Amino acid sequence: QVRLVESGGGSMQAGESLRLFCVATGVSGATFRISDMGWYRQAPGNQREWVATITSGDNTNYADSAKGRFTISRDNAKNTVYLQMNSLKPEDTAVYYCHLPTYNYWGQGTQVTVYS
């Protein structure tokens with residue numbers, strides 16, 4: 001019933017920017033508004049790692065690798081959470097996943113590839 005659908009991934013050169021989208025479907029706006037949301041990523045051969053979190057009160061937290069470069073935001077009217085990624089580095093290459101931790105819902109991921 002509840003689905004998280006990521007989009008916006010692609011192949012970019014180092015230093016460029018990319019904006020990821022995560023749309024929650026099958027969930028009410030009220031439920032989305034009270035839900036914390038997160039972004040995670042997983043590179044080949046690595047464990048999935050946390051990237052950023054935004055709370056229902058719009059407080060944000062970032063992994064050290066994301067601080068100063070990435071921005072997580074949300075639009076509750078659209079049931080959408082975003083990840084703006086600037087100054088991309090090759091080490092940002094991974095599949096990026098959207099997460100709704102209250103019910104442990106995950107999206108299918110969107111691929112981000114950064115080359116130099």
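## A tour of the loops, the disulfide and the rings

Select serine 87, in the loop between β8 (80-85) and β9 (94-100). This is a predicted model. The phi of serine 87 is near 50 degrees, a positive value in a residue other than glycine. Most residues other than glycine have a negative phi.

Next, select aspartate 58. Aspartate 58 sits in the loop between β5 (49-54) and β6 (60-62). Its phi is also positive, near 70 degrees, and aspartate 58 is not a glycine. With a relative accessible area of 48%, aspartate 58 is partly exposed.

**The disulfide**

Now show the cysteine side chains. How many disulfides does a search of the whole structure find? The search finds 1. Cysteine 22 and cysteine 98 form a disulfide, with their sulfur atoms 2.1 Å apart. Cysteine 22 lies in strand β3 (residues 18-25) and cysteine 98 in strand β9, so the pair ties together parts that are 76 residues apart in sequence. Look along the S-S bond of cysteine 22 and cysteine 98. The torsion about this bond is about -85 degrees, so the disulfide is left-handed. Cysteine 22 is buried, and cysteine 98 is buried too.

**The aromatic pairs**

The whole structure holds 3 aromatic pairs. Start with phenylalanine 21 and tyrosine 82, which form an edge-to-face pair: 5.5 Å centre to centre, 75 degrees between the planes. Phenylalanine 21 lies in strand β3 and tyrosine 82 in strand β8, so this pair ties together parts that are 61 residues apart in sequence. Phenylalanine 21 counts as partly exposed, at 30% relative accessibility. Tyrosine 82 counts as buried, at 10%.

Then go to tyrosine 40 and tryptophan 106. They form an aromatic pair that is edge-to-face, 4.9 Å centre to centre with 70 degrees between the planes. Which strands does the pair tie together? Tyrosine 40 lies in strand β4 (residues 37-42) and tryptophan 106 in strand β10 (residues 105-106), parts that are 66 residues apart in sequence. Tryptophan 106 is partly exposed, with a relative accessible area of 29%.

**Arginines over rings**

Finish with two arginines. Select arginine 48 with tyrosine 97: arginine 48 lies over the face of the tyrosine 97 ring, at 3.6 Å from the ring centre. Then select arginine 74. What lies under arginine 74? Arginine 74 lies over the face of phenylalanine 32, at 4.9 Å from the ring centre.

Technical notes: Residues numbered from 1 in each chain as written. Predicted model: local features only at pLDDT ≥ 70, side-chain atom pairs only at ≥ 80, totals over all residues. Heavy atoms only, no water. Helix = DSSP H or I, 4+ residues; strand = E, 2+ residues; numbered from the N terminus. Buried < 20%, exposed > 50% of the residue type's maximum accessible area, 1.4 Å probe, protein only. Disulfide = S-S within 2.5 Å. Phe/Tyr/Trp six-rings, centres within 6.5 Å; stacked < 30°, edge-to-face > 60°. Lys NZ or Arg CZ within 6 Å of the ring centre and 35° of its normal.
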